Amino acid sequence: MTSSPPKSPDERDSAEPTKSAAEWQQLLSTLTDAKASRFELQQVLFPKQLPFGLETRRFVTAVCTRRAGKTTAVAAKLLDVARKKAGCVALYIARSRVNAKRIFWAILKGMNEAYSLGGVISEGDLCINLSNGSRIYLSGCVHEAEVDNFIGLPIAIVVLDEAQVFPAFIQRL
């Protein structure tokens, strides 16, 4: 039994199917949708983080040790709420904008990329715009006037990092 060498691209039978750009885009979209559909809190969070992530009460406090995964759980929670509630705003507020960026931005962007959620990153605004119209903003809130930046937005969830450091004016949110 003899075998012939593999055909070069020029020698291939023209009847062999090739994918058009549209077909490749559809395949990529299908793979991306499949990856994004894996983004469920039960799949993303560890068992000890899950109760915090699934909590639906208005006020929730995570009291745990350092390095317990609070930031990861909060990022997953914000993405989960924003994906499920079209057109909403999800806020992560630290004492300063610099702290919000240092603590949280890389984790949030990493989840968006790892799960192919398709969020459009705005580095200048520290915002991720999701395809359903929802937005996740990172901000700082040092002065009472900064609360006014959020008044009137369709806020679905607010996360205060180190809530005990915020003055009473933060309750206006």
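Student: What does the side chain of S134 have near its polar atom, which backbone oxygen is it?

Tutor: That's the backbone oxygen of A82, 2.9 Å from a polar atom of the S134 side chain. Keep in mind that this is a predicted model.

Student: Where does S134 sit, in which loop?

Tutor: S134 is in the loop between β3 (127-129) and β4.

Student: And is S134 buried or exposed?

Tutor: Buried: its relative accessible area is 0%, and the cut-off for buried is under 20%.

Student: What else is S134 in contact with, beyond its sequence neighbours?

Tutor: Leaving out anything within four places in sequence, S134 is in contact with A82, K85, A86, G87, C88, I128 and N129.

Student: C88 is on that list. Is C88 buried or exposed?

Tutor: C88 counts as buried, at 2% relative accessibility. C127 also counts as buried, with 2% relative accessibility.

Student: How many disulfides does the structure hold?

Tutor: It has 0 disulfides.

Student: OK, on to the strands. How many residues of β1 are buried?

Tutor: 6 of its 6 residues, which span 89-94. Both faces are covered: V89, L91 and I93 are buried on one side, and A90, Y92 and A94 are buried on the other.

Student: Which strands is β1 joined to by bridges?

Tutor: One is β4 (residues 135-140), which runs parallel to β1 and is joined to it by 6 bridges. There, L91 has Y137 as its bridge partner. Another is β5 (residues 155-160), also parallel to β1, with 5 bridges between them. On that side A90 stands opposite I157.

Student: Now the packing. Which residues have the most contacts inside the largest nonpolar core?

Tutor: F39, L78, Y92, F104, L108 and L138, in a core of 31 residues. The elements giving two or more residues to this core are α2 (41-44), α4 (70-84), β1, α5 (97-114), β4 and β5. The largest share comes from α4, with 8 residues.

Student: Take F104, then. What is it in contact with?

Tutor: Setting aside neighbours within four places in sequence, F104 is in contact with T71, V74, A75, L78, Y92, N99 and L138. Apart from this core lies another one, of 9 residues, including V89, I93, V147 and F150.

Student: Zooming out, what pattern does the chain follow along the sequence?

Tutor: Read along the sequence, it goes α-α-α-α-β-α-β-β-β-β, so the secondary structure comes to 5 helices and 5 strands, taking helices and strands as DSSP runs. Buried residues make up 31% of the 173 residues. Of the contacts with a separation of 6 or more, 65% are between residues 24 or more positions apart.

Student: Last one: what is the mean pLDDT of the chain?

Tutor: The mean is 81, and 77% of the residues reach 70 or more. Over residues 8-16 pLDDT stays under 50, and the model has 2 contacts beyond four places in sequence for that stretch.

How values were computed
Residues are numbered from 1 along each chain as its sequence is written. This is a predicted model: local features need pLDDT of at least 70, side-chain atom pairs count only at pLDDT 80 or more; totals for chains, interfaces and linings use all residues. Side-chain values use heavy atoms; hydrogens and water are left out. Buried means under 20% relative accessible area, exposed over 50%, partly exposed in between (1.4 Å probe, protein chains only). Helices (H or I, at least four residues) and strands (E, at least two) are DSSP runs, numbered from the N terminus. Two strands pair if DSSP finds at least two bridges between them. A nonpolar core is a set of buried Ala, Val, Leu, Ile, Met, Phe, Trp, Tyr and Cys residues joined through side-chain atoms within 4.5 Å. Contact means heavy atoms within 4.5 Å. A polar contact is a pair of N or O atoms within 3.5 Å; within protein, one must be able to donate a hydrogen and the other to accept it, and residues adjacent in sequence count only if both atoms are side-chain atoms. pLDDT is the predictor's confidence in each residue, from 0 to 100. A disulfide is a pair of cysteine sulfur atoms within 2.5 Å.
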